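Dear colleague,

I am passing on to you the structure that we talked about, and below it I have written down what was found in it. Please keep it open beside this message while you read.

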Amino acid sequence: MLPAPLPPDFIPFNRPHLAGPELDYIRQAVAAGKLSGNGEFTRRCQQFFEQQYGINKALLTTSGTAALEMAALLLDIQPGDEVIVPSYTFTSTANAFVLRGARIIFVDSHPEHPNLDVAQLELLITARTRAMVVVHYGGHPPADLPALLALAERYNLWVVEDAAQAIEARYHDRPLGTFGHLAAFSFHETKNLSAGEGGLLAVNDPRLAERAEIIWEKGTNRAAFARGEAARYEWVDIGSSFLPSELNAAYLWAQLEARATIQRRRQQQWQFYATALAPLAAAGTLRLLPAIPDAQPNWHLFALLCRSEAERDALLAHLRQRHILAVFHYLPLHRSPYYAPRHDGRPLPHADRFSRTLLRLPLYHELQPEQQQRIVGAVKGFYSMNT
Ligand SMILES: *Cc1c(COP(=O)(O)O)cnc(C)c1O
């Protein structure tokens with residue numbers, strides 16, 4: 001049986017955006033006769049991040065997940081090492097380290113924000129702790145990121161930023177993804193800038209740069225050899241195939257060029273929701289995520305917080321009936337089928353609460369003002385029946 005066609009007025013949660021020159025650039029890559037990784041478009045993208053963001057070494061990857069896996073390899077995470085990770089995040093944040101045999105110590109969310117609670121970190125550090133992963137949920141840093149960095153320094157721990165959602169976001173006027181020793185960005189279809197699938201490893205600590213390039217190129221010194229810095233091209237370390245093809249890099253380059261336009265539109269759409277829902281927030285009917293002081297957001301997602309799980313699920317169903325696809329996330333990792341039996345049993349009530357009550361509204365470039373009006377009308381209609 002064929003799936004039922006979508007109703008003509010259906011509003012999806014996300015839709016990939018074509019900035020314009022993507023197909024042209026892909027054609028150029030094909031004409032250049034080099035489609036494997038580390039070609040001209042890859043170089044342009046990486047140089048953009050090194051020059052505009054001040055990243056010591058930027059390496060394009062096949063996904064944000066791959067960038068996190070590279071981070072775990074680079075930090076030489078060994079079986080039994082402990083890595084502190086928020087429970088409220090996407091699977092890859094933890095899985096990348098589990099692949100190296102690490103034990104994940106989950107940290108709860110901050111009471112006011114789904115990001116990890118920096119105040120709880122110190123109690124979780126043991127002699128086996130090697131690294132902390134900070135996730136910038138929705139492109140927001142934790143409010144006390146400086147305290148996290150100071151703690152890492154005091155205990156000599158690596159800091160990895162999961163900046164998958166944080167492209168173009170800033171803190172104290174510095175790009176997110178430049179604060180940790182390493183950072184992972186994602187160019188998945190659902191992120192602000194996309195390559196279909198893609199990612200970037202930001203190597204901010206120069207001590208890690210040389211080995212990063214080797215791990216990226218299947219454990220070989222191919223990149224150094226190509227620059228004339230090595231006499232022979234050979235296998236020198238462990239690694240994998242982490243670099244994307246030029247086809248993906250060409251697509252990404254078009255999105256990077258268009259980033260100002262893409263971001264401006266997201267900001268307007270985000271602001272539309274925030275203004276329209278402000279009265280409900282002021283009345284305490286629903287809550288919006290708080291702004292983080294000194295942070296410049298990237299408008300990655302628009303989330304609202306319901307008063308209970310039942311209310312959130314009813315609102316999702318209400319929107320679905322009106323042909324609007326809103327979603328929730330995340331199911332906290334300490335409760336996941338894979339990690340629950342391995343978790344140390346500490347309750348993480350705030351991660352649980354955000355998981356039960358958070359709802360994301362559609363937000364994508366082609367979303368039209370009339371559609372946003374319909375979404376807001378449906379949310380208000382729901383609350384006029386459920387006050
Ligand atoms: C999207 C995302 C990832 C994974 O990125 P992919 O490019 O899809 O592999 C990791 N962490 C977070 C927080 C994400 O949002």
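This is a predicted model: local features need pLDDT of at least 70, side-chain atom pairs count only at pLDDT 80 or more; totals for chains, interfaces and linings use all residues.

Most residues other than glycine have a negative phi, and most peptide bonds are trans. The peptide bond that leads from His 329 to Tyr 330, however, is cis, with omega near -20°. His 323 is also found in the loop between H11 and H12, and its phi is positive, near 65°, although His 323 is a residue other than glycine. With a relative accessible area of 26%, His 323 is partly exposed, because a residue counts as buried under 20% and as exposed over 50%.

Elsewhere in the chain, Asn 38 lies in the loop between helix H1 (22–32) and helix H2 (40–53). Asn 38 is not a glycine either, and it has a positive phi of about 60°; its relative accessibility is 30%, so that it counts as partly exposed.

Next come the aromatic rings, of which the structure holds 18 pairs. In one of them, the ring centres of Tyr 88 and Tyr 330 are 5.2 Å apart and the planes stand at 75°, so this pair is edge-to-face.

Another edge-to-face pair is formed by Phe 382 and Tyr 383, with 5.1 Å from centre to centre and 85° between the planes. Phe 382 has a relative accessible area of 3% and is therefore buried, and Tyr 383, at 1% relative accessibility, counts as buried too. There is also a cluster, in which ring pairs link Phe 48, Phe 49, Tyr 53, Phe 185 and Phe 187.

Two arginines lie over the faces of rings. Arg 342 is placed over the face of Tyr 338, at 3.9 Å from the ring centre, and Arg 353 is placed over the face of Phe 354, at 4.9 Å from the ring centre.

Finally, please look at the ligand, which has 15 residues around it; Gly 64, Thr 65, Asp 162, Ser 186 and Lys 191 come nearest. Sorted by class, the shell around the ligand consists of four nonpolar, nine polar and two charged residues. Which distances separate oxygen atoms of the ligand from polar side-chain atoms? For Thr 65, a polar side-chain atom lies 2.5 Å from an oxygen atom of the ligand; for Gln 165, the distance from an N or O atom of the side chain to a ligand oxygen atom is 2.9 Å; and for Lys 191, the corresponding distance is 3.3 Å. On its own, the ligand has 380 Å² of accessible area, and the protein covers 92% of this.

With kind regards

Note on methods: Residues are numbered from 1 along each chain as its sequence is written. Side-chain values use heavy atoms; hydrogens and water are left out. A residue is near a molecule or strand if one of its heavy atoms lies within 4 Å of it. A polar contact is a pair of N or O atoms within 3.5 Å; within protein, one must be able to donate a hydrogen and the other to accept it, and residues adjacent in sequence count only if both atoms are side-chain atoms. Accessible areas come from the Shrake-Rupley method with a 1.4 Å probe; for residues, only the protein chains shown count as cover. Ala, Val, Leu, Ile, Met, Phe, Trp, Tyr, Cys and Pro count as nonpolar, Asp, Glu, Lys and Arg as charged, and the others, Gly among them, as polar. Helices (H or I, at least four residues) and strands (E, at least two) are DSSP runs, numbered from the N terminus. Buried means under 20% relative accessible area, exposed over 50%, partly exposed in between (1.4 Å probe, protein chains only). Rings of Phe, Tyr and Trp (its six-membered ring) pair if their centres lie within 6.5 Å; planes under 30 degrees apart count as stacked, over 60 as edge-to-face and the rest as tilted. A charge sits over a ring if NZ of Lys or CZ of Arg is within 6 Å of the ring centre and within 35 degrees of the ring normal.
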